[in-house]
Amino acid sequence: MSRVVSTAQSQNAAAIIIEMNTPGGSLSDMFSIMSSITKANQSGIPTYTFITPNGLGASAGSYIAMATNKILMAPAQ
């Protein structure tokens, strides 16, 4: 995620979209990703989470999603 933010900054990206489908993950990875999201937001690049169709954003994924500017969810099929 850190590389994504650096690339987005260097290319003056309008936004970063995280495509998510996760039952969770490690605490240290979650904090690292959330830190990168904060860095992106502080530089003026909004971040969005997109939960894929029938996808999950559970456990650590829910915290990551809540750190973004908006959460978008596809309908279940």
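Me: At 48% relative accessibility, how is Lys70 classed: buried, partly exposed or exposed?
Reply: Since this is a predicted model, local features need pLDDT of at least 70 and side-chain atom pairs count only at pLDDT 80 or more, while totals for chains, interfaces and linings use all residues. Residues are numbered from 1 along each chain as its sequence is written, and side-chain values use heavy atoms, with hydrogens and water left out. Buried means under 20% relative accessible area, exposed means over 50%, and partly exposed is in between (1.4 Å probe, protein chains only). Lys70 has 48%, so the label is partly exposed.

Me: Okay, and how far is Lys70 from Thr49 in space?
Reply: Lys70 lies in strand β3; strands are DSSP runs of E with at least two residues, helices are runs of H or I with at least four, and both are numbered from the N terminus. Along the sequence, Lys70 and Thr49 are 21 residues apart. From C-alpha to C-alpha, the gap between Lys70 and Thr49 is 6.4 Å.

Me: Which elements give two or more residues to the nonpolar patch?
Reply: The patch is on the surface and is formed by Tyr63, Met66, Ile71 and Met73, with about 460 Å² of accessible area together (Shrake-Rupley method, 1.4 Å probe; for residues, only the protein chains shown count as cover). The elements giving two or more residues to it are α3 (60-67) and β3 (70-73).

Me: How do α1 and α2 run relative to each other: roughly parallel or roughly antiparallel?
Reply: Helix α1 covers residues 2-10 and helix α2 residues 27-42; their axes come within 9 Å and cross at roughly 10 degrees. Axes are lines fitted to C-alpha atoms, for helices over the stretch in contact, and angles run from 0 to 180 degrees between N-to-C directions. Under 35 degrees counts as roughly parallel, over 145 as roughly antiparallel, 65 to 115 as roughly perpendicular and the rest as oblique. So α1 and α2 are roughly parallel.

Me: What is phi of Asn12 near?
Reply: Most residues other than glycine have a negative phi. Asn12 sits in the loop between α1 and β1 (16-20), and it is exposed because its relative accessibility is 68%. Its phi is positive, near 50 degrees.

Me: Where is Ser59, another residue with a positive phi that is not a glycine?
Reply: Ser59 has a phi of about 50 degrees. With a relative accessible area of 45%, Ser59 is partly exposed. Its place is in the loop between β2 (47-51) and α3.

Me: How far apart in space are Lys39 and Ala74?
Reply: Lys39 is found in helix α2 and counts as partly exposed because its relative accessibility is 39%. Lys39 and Ala74 are 35 residues apart in sequence. Between their C-alpha atoms, the distance is 27 Å.

Terms used: Patch = residues over 30% accessible without salt bridge, like charges linked within 9 Å, V, L, I, M, F, W, Y side chains within 5 Å. Salt bridge = Lys/Arg side-chain N within 4 Å of Asp/Glu carboxyl O.
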